[in-house]
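The structure comes first, and the notes follow by topic.

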Amino acid sequence: MADSSVTLEMAVTRLVLGLSAEHLDAASRATARSLIKDQLAIQVGAARLPWSRQVRAARALRPGQSTIVGERGRFAAADATYINATYGHGFEYDDFAGNAHPGCCVVPAALAIGEEVGATLEQMLVAMAAGYEAYVRIGRLGSPELLNAGWQPHAVLANFGAAATAARLYGLDEAQTFNALAIALSHASGPTEYASTGGSIKRAHAGIAARNGIESAELARAGVTGPRRFLTGRRGLYATFIRKSVTDAAHGDFALDAPMTLPNASFKAYCSCACTHPFIEAGLALRARANDIESIDVKLQTMVDAIVGTRNEHIYGPRNIEELQYSLPAQMALAATGRGNGYRTHLDFLEGRLQLPPDSDVMRLARKMKLSIDTSLDERYPMRFVADVTAHYRDGTSQRVFIDKVPGRNDAPYTPEQHGAKLNELLHDVIGPHQSAALLEMIETLDPRKPVTALTALLQPAS
């Protein structure tokens, strides 16, 4: 049971240090393997994207022991994490929990530091799980307020997740771990203006935050200290970022005997903001009569409107890939017109093979959508995205579609075949079917005795 005298900050610290292999039940381990597969496939597939190449070229990296996907050199763990996490968050295809994306933080951090310190796959897995739990549980107390206030939750939370992962693998003691997490607050940032007016910097949010989390741990190891009330203070995380009062009474969320959040991870079936996914499903439900639609009433949650709705300037005419991936009307129209919402569709738009001018069928349908916030949806579904859509047809009939489950989410999980198709699409063109199969098999087995380097070797180019 949680000790009521413990501060929330100390409860997080003890969660990070106390989580052990025994806390990882079969469901947690299965999800962890899926998380590693999903994240590494996205890193491989997204490494070729223009902003990935630009981030990689922007700075000289320090030498070390850690692998960057698709390269043969070895680099400092923080630098390798910076690049790999950027790749892993590079195309709106990575996992999500609540409003954030823990996989592209904890997977690259755990692998890079695991290489650096000579960890086994089991040690890496436990550290990854500790980082995941710290990230998600801190975020859960700030959801959906972080998103509604205009912050990208991942750019805030990944600093803590990476600091926690690093603290475990670097063997920090309780005081150092506390300070690593406290220092991480000083790095937290990242507004969501990219969703409204574009900007590929969003792709690097994951890399920036994960690198900063590792450097927070390095500073703590060197003796630098952070504020004692980094979460609950009057100028701590919750009060400063979302004007929310969170007290030590929430410490039970971080107890070691609290349910693990890892088994509830969700994976993306569509290559766009997770807020759009229920509306993509609604678009698919309307596809048979899409040409007969006169208008569509779209009811949405406040948190959905905040990121893919009316707060964005160009939802009815996206000019770039960021605006497309964060446009609810465009994503729903892509589904209803049969264009699709996957990796290839968005790559085609990015590279100019798919044009969406104002007179295209996609944009004409998008402009028939009227968006309005329904606060009752906020109350009924505070921690999940839903869609409530009513299409009105030219013959005077109407059709209501309500979606509260989407493929890949924890309440409607992928089948192995569905996830395998996504992984292969991302991997095969880059490292080939043979190396892809070897990589996925090693992750599925995840022999606890093998070193992390046995896995990361499969992320290098084939000879």
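How many of the 9 residues of helix α13 (residues 277–285) are buried? The count is 7 of the 9, so helix α13 is largely enclosed by the rest of the structure. Buried means under 20% relative accessible area, exposed over 50% and partly exposed in between, with a 1.4 Å probe and protein chains only.

The model is predicted: local features need pLDDT of at least 70, side-chain atom pairs count only at pLDDT 80 or more, and totals for chains, interfaces and linings use all residues. Residues are numbered from 1 along each chain as its sequence is written, and side-chain values use heavy atoms, with hydrogens and water left out.

**Helix α13**

- The buried residues in α13 are H277, P278, F279, I280, E281, A282 and G283.
- These buried residues pack against β2 (293–300), α14, α16 (328–336), β4 (387–393) and β5 (398–403).
- Helices (H or I, at least four residues) and strands (E, at least two) are DSSP runs, numbered from the N terminus.
- Contact means heavy atoms within 4.5 Å.

- I307 sits in helix α14 (residues 302–308).
- I307 counts as buried because its relative accessibility is 3%.
- Apart from neighbours within four places in sequence, I307 is in contact with L147, T192, Y194, A195, C273, C275, N312 and Y326.
- Between I307 and G352 there are 25 Å in space, C-alpha to C-alpha, and the two are 45 residues apart in sequence.
- S196 belongs to helix α10 (residues 194–197).
- With a relative accessible area of 3%, S196 is buried.
- Apart from neighbours within four places in sequence, S196 is in contact with R311, N312, E313, H314 and E323.

**Crossing of α2 and α5**

- Two packed helices are described by the angle between their axes and the distance between the axes.
- The axes of α2 and helix α5 (residues 103–117) come within 10 Å and cross at roughly 90 degrees.
- Axes are lines fitted to C-alpha atoms, for helices over the stretch in contact, and angles run from 0 to 180 degrees between N-to-C directions.
- α2 and α5 are therefore roughly perpendicular to each other; angles under 35 degrees count as roughly parallel, over 145 as roughly antiparallel, 65 to 115 as roughly perpendicular and the rest as oblique.
- On the α2 side the contact has L35, I36, Q39, L40 and Q43, and on the α5 side G103, C104, V107, P108 and L111.
- By class, the residues of this contact are 7 nonpolar, 3 polar and no charged.
- Ala, Val, Leu, Ile, Met, Phe, Trp, Tyr, Cys and Pro count as nonpolar, Asp, Glu, Lys and Arg as charged, and the others, Gly among them, as polar.

**Pockets**

- On a 1 Å grid over the protein atoms alone, a pocket is an open set of points with protein on both sides within 12 Å along at least five of seven lines, a cavity is a set where a 1.4 Å probe fits but cannot get out, and lining residues have an atom within 4 Å of a point.
- Grid points are joined across faces, edges and corners, and a volume is the space filled by probe spheres set on the points.
- The largest pocket holds about 480 Å³ of space.
- It has 25 lining residues, and A97, G98, N264, M383 and N410 are the closest to its centre.
- α6 (121–140) and α8 (153–170) each give at least two residues to this lining, and α6 has the largest share, 4 residues.
- The lining of the largest pocket has 12 nonpolar, 9 polar and 4 charged residues.
- The second largest pocket has a volume of about 400 Å³.
- Its lining has 20 residues, with A30, S34, F267, Y414 and H419 nearest its centre.
- α2 (26–46) and α20 (416–445) give two or more residues to the lining of the second largest pocket, and α20 has the largest share, 6 residues.

**Cavities**

- There are 2 cavities of 30 Å³ or more.
- The largest cavity holds about 130 Å³ of space.
- Its lining has 17 residues, and N99, H101, L147, C273 and Y326 lie nearest its centre.
- The second largest cavity has a volume of about 60 Å³.
- Residues lining the second largest cavity include L40, Q43, P108 and L111, and α5 gives the most to this lining, with 4 residues.
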